[in-house]
Amino acid sequence: DDWKERVAVEGAKLALQAYDGGFNQEEPLLQLKLLLENRQRVDEDTFEQLSRKHKNEDYDIEGKRVLLRLDLDVELSPVEYEQTEALSESGIKSPRSKAGDDASVAEDKIIKPRTIIDTTKLDACIETLKFCVDHLAGIIIIAASLGDPTGESRPENSLRPIADFFREKLEHNVVFEEERIELDDLEQRMEEGTYPENCILFLENLFFHPHEFGGLHTNSKGQLVRSALEDRIQFGGYLSSLCDAYINDSVDQTLTELASVVHINVDYRMMGSNLCNEVSSFVNIFKEPRRPLVLIIGGFDHLNQLLLAYSMLDLADHIILVGEVALAYVVHHYGVKYSKVAFPSTVQYMIRQLAEKSEENE
């Protein structure tokens with residue numbers, strides 16, 4: 001109640017400031033101050049709840065259709081094209097230009113099969129995949145993304161090489177759904193028994209769907225628009241309709257707003273082995289950390305990284321800032337002249353708070 005009252009009071013002050021033209025500048029800083037003053041303290045009970053999240057072995061998945069969200073964003077070999085022949089105006093065959101030689105190269109170029117450079121992420125998925133196979137899941141549906149979000153089909157970012165990898169590694173029936181078909185059509189195929197029982201059904205790259213990540217797409221009126229929240233929720237609903245149970249084993253995408261992570265609504269939702277291990281390691285850092293505990297923070301998201309450093313000051317023995325976030329700290333705390341980037345008031349405020357708390361801890 002005190003928190004709600006404070007927000008109401010500060011909100012009224014903020015509304016008065018809008019008449020002076022200071023609304024846009026003051027609002028983010030006010031939100032940040034409120035966040036720091038009222039942030040939730042994470043206690044041991046919180047971590048106990050986190051460690052009790054459902055694991056894949058908590059439910060019987062025999063005969064059920066399981067949607068398995070995996071992190072398959074691995075490095076592939078460079079894109080190369082098959083050298084095909086085309087008829088010139090005189091009817092004589094001539095080789096097509098190599099990729100990059102001509103900006104107007106034909107769209108029907110054939111991409112050479114790409115190979116996987118590093119299989120580390122794929123090898124880590126084997127345990128959860130074998131669990132689903134060994135426990136006789138009806139159909140195991142693999143949902144994953146590769147490369148940059150495009151919102152349209154890009155053959156060079158196809159998941160086919162990865163599907164072939166698992167087919168060979170698991171020696172199991174792996175069906176690759178090559179086309180970016182609409183998911184309601186896919187549901188109909190499943191109801192018609194198109195796919196064999198206990199098979200692994202590999203969906204094509206989810207980043208080909210704009211509603212997976214909120215990308216641009218052409219609407220019914222032919223206008224280029226960005227996917228709204230309702231579109232992403234609907235896309236998540238389509239994915240949910242394909243399965244009876246959902247297993248998230250994608251560590252890197254868990255804290256994103258992807259529809260295949262956030263908007264899945266089924267009765268049985270579980271963590272795969274990779275995510276279980278990640279959560280267990282995270283819990284142990286706060287409950288029984290091994291000393292010395294050193295936190296290395298970098299990246300372009302200055303404010304969130306500084307908030308993380310601020311929150312961890314009481315726990316970590318040392319915090320090392322690197323990259324862009326270190327640059328911001330050096331510029332504003334030590335007064336180093338650097339004119340290329342102007343950091344917002346929220347970042348400057350957070351740097352002052354971090355420096356003061358660090359000095360107190362010393």
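## Report on a predicted protein model

Isoleucine 320 lies in strand 12, which covers residues 318-321. At 40% relative accessibility, isoleucine 320 counts as partly exposed. Together with Val294, Ile296 and Val322, Ile320 forms a nonpolar patch on the surface, and the four have about 330 Å² of accessible area together.

The model is predicted. The secondary structure of the protein comes to 13 helices and 12 strands. Of the 362 residues in the protein, 38% are buried. The accessible surface comes to about 21700 Å², and 48% of that surface belongs to carbon and sulfur atoms. Among contacts between residues at least 6 apart in sequence, 73% join residues at least 24 apart.

Helix 10 (residues 273-287) has 15 residues and reaches 21 Å from its first C-alpha to its last, close to the expected 21 Å. Its buried residues are Ser273, Asn274, Leu275, Cys276, Val279 and Val283. Helix 13 (residues 345-361) has 17 residues and reaches 24 Å, close to the expected 24 Å. Among the buried residues of helix 13 are Thr346, Tyr349, Gln353 and Lys357.

The count of salt bridges comes to 11. Three of them are listed below.

| Aspartate 71 | Lysine 121 | 3.2 Å |

Asp71, Lys121 and Asp252 are linked in a network of salt bridges. In the salt bridge between lysine 121 and aspartate 71, the pair links distant parts of the chain, 50 residues apart: lysine 121 is in helix 4 (residues 120-134), and aspartate 71 is in the loop between strand 1 (65-69) and strand 2 (85-87). Aspartate 71 is buried, with a relative accessible area of 9%, whereas lysine 121 counts as partly exposed at 29% relative accessibility.

Serine 250 counts as buried, at 0% relative accessibility. Its side chain makes a polar contact with the side chain of glutamine 253 at 2.2 Å. Leaving aside residues up to four places away in sequence, serine 250 touches Arg69, Leu70 and Asp71.

Methods: Residues are numbered from 1 along each chain as its sequence is written. This is a predicted model: local features need pLDDT of at least 70, side-chain atom pairs count only at pLDDT 80 or more; totals for chains, interfaces and linings use all residues. Side-chain values use heavy atoms; hydrogens and water are left out. Buried means under 20% relative accessible area, exposed over 50%, partly exposed in between (1.4 Å probe, protein chains only). A polar contact is a pair of N or O atoms within 3.5 Å; within protein, one must be able to donate a hydrogen and the other to accept it, and residues adjacent in sequence count only if both atoms are side-chain atoms. Contact means heavy atoms within 4.5 Å. Helices (H or I, at least four residues) and strands (E, at least two) are DSSP runs, numbered from the N terminus. The expected span of a helix is 1.5 Å times one less than its number of residues. Patches are made of residues with over 30% relative accessible area and no salt bridge: like charges are joined within 9 Å, nonpolar side chains (Val, Leu, Ile, Met, Phe, Trp, Tyr) within 5 Å. Accessible areas come from the Shrake-Rupley method with a 1.4 Å probe; for residues, only the protein chains shown count as cover. A salt bridge is a side-chain nitrogen of Lys or Arg within 4 Å of a carboxyl oxygen of Asp or Glu.
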